[in-house]
Amino acid sequence: MTDMKFDQTTISNAVHTKWAGKTVHFAKEVDSTNEWAKKLGKEGAVHGTLAVAEFQSAGKGRLGRRWTAPPGSSIMMTILVRPDFEPQYAPMLTIVMGLSVAQAAQEMGVDTSIKWPNDVVVSRKKICGILTEMSMEENKIRYVVIGVGINVNLEELPEELADKGTSLYLETGKKYDRNMMLASVMEHFEKNYERFVKTCDLSLLQEEYNDMLANYEQPVRILDPLNPYEGIAHGINRKGELIVEKQDGTKVCVSAGEVSVRGLYSYV
């Protein structure tokens with residue numbers, strides 16, 4: 001299958017949601033979809049507005065890392081939401097989006113799992129990066145932007161990423177319709193977001209998340225700068241923390257902002 005057309009019209013036609021991605025802004029090139037979505041947010045963009053670009057000249061990953069991909073190969077998008085909940089709950093939206101992307105890839109027939117907290121992985125390698133940023137006004141959330149980069153039809157990765165990253169194409173040898181993948185992510189995100197806001201925690205998504213968790217009941221190493229240790233991961237709690245049973249039988253809840261986790265035998 002050759003790459004299908006991918007623009008504002010094809011995306012809008014593919015998305016069948018109530019609000020997530022109902023309004024689509026598309027550009028051939030932007031600096032970063034998160035920066036663009038923030039600008040739209042300041043201009044009054046509605047809840048669920050989606051900014052999609054074919055190329056990002058200054059895409060951002062976590063910890064300020066650069067994120068670039070050749071045109072035609074990836075989905076680079078940012079959704080803007082305007083939640084009513086308190087700011088401390090916003091970081092959990094990264095997990096909500098990670099689950100949504102994993103479910104969408106699974107729906108495309110790809111065996112997908114999640115490396116805690118929100119790395120979507122295929123064959124133990126990462127296919128997706130997510131960056132969530134929040135704007136506040138008088139201690140209330142003005143808007144949250146959730147940026148997503150998915151390696152869909154990428155044919156090769158830079159050498160430094162080849163051991164940790166992959167794409168749907170590299171894993172399956174098939175080219176995918178990015179409109180369909182994007183639409184599926186939006187549908188899952190809308191459903192997952194609505195369940196999340198009912199409780200402002202992950203209790204209604206915990207079971208589905210743990211079912212997809214690559215580290216579930218697996219030995220992991222917690223890379224705590226002060227005190228690294230090993231244990232068995234028992235899935236997430238309602239706050240999205242990873243429950244790890246240490247070798248002495250004590251259980252700890254690991255928070256994503258503080259430490260990272262590695263499988264004992266690979267990146268996952």
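Leaving aside its neighbours within four places in sequence, which residues is Thr 78 in contact with?

## Basis of the report

This is a predicted model in which local features need pLDDT of at least 70 and side-chain atom pairs count only at pLDDT 80 or more, while totals for chains, interfaces and linings use all residues. Residues are numbered from 1 along each chain as its sequence is written, and side-chain values use heavy atoms, with hydrogens and water left out.

Thr 78 belongs to strand E5 (residues 74-81); strands are DSSP runs of E with at least two residues, helices are runs of H or I with at least four, and both are numbered from the N terminus. Contact means heavy atoms within 4.5 Å. The partners of Thr 78, leaving aside neighbours within four places in sequence, are Thr 33, Asn 34, Ala 37, Thr 49, Leu 50, Ala 51, Val 145, Ile 146 and Gly 147.

Thr 78 counts as buried because its relative accessibility is 0%; buried means under 20% relative accessible area, with a 1.4 Å probe and protein chains only. Its side chain makes a polar contact with the side chain of Thr 33 at 2.7 Å. A polar contact is a pair of N or O atoms within 3.5 Å; within protein, one must be able to donate a hydrogen and the other to accept it, and residues adjacent in sequence count only if both atoms are side-chain atoms.

## Helix H2

Helix H2 (residues 33-42) is largely enclosed by the rest of the structure, because 7 of its 10 residues are buried. These are Thr 33, Asn 34, Trp 36, Ala 37, Lys 38, Leu 40 and Gly 41.

At the start of H2, the backbone nitrogen of Asn 34 has a side-chain oxygen of Ser 32 within 3.2 Å. Just after H2, Gly 44 has a positive phi of about 95 degrees.

## Surroundings of Ser 100

Ser 100 lies in helix H3 (residues 93-107) and is buried, with a relative accessible area of 0%. Not counting residues up to four places away in sequence, Ser 100 touches Val 185, His 188, Phe 189 and Asn 192. With Asn 192 there is also a polar contact between side chains, at 3.0 Å.

## The chain as a whole

The protein chain contains 6 helices and 14 strands. Its C-alpha atoms fill a box of roughly 55 × 50 × 30 Å along the principal axes. Of the 268 residues, 52% are buried. Among contacts with a separation of 6 or more, 64% join residues 24 or more positions apart.

Note on methods: Buried < 20%, exposed > 50% of the residue type's maximum accessible area, 1.4 Å probe, protein only.
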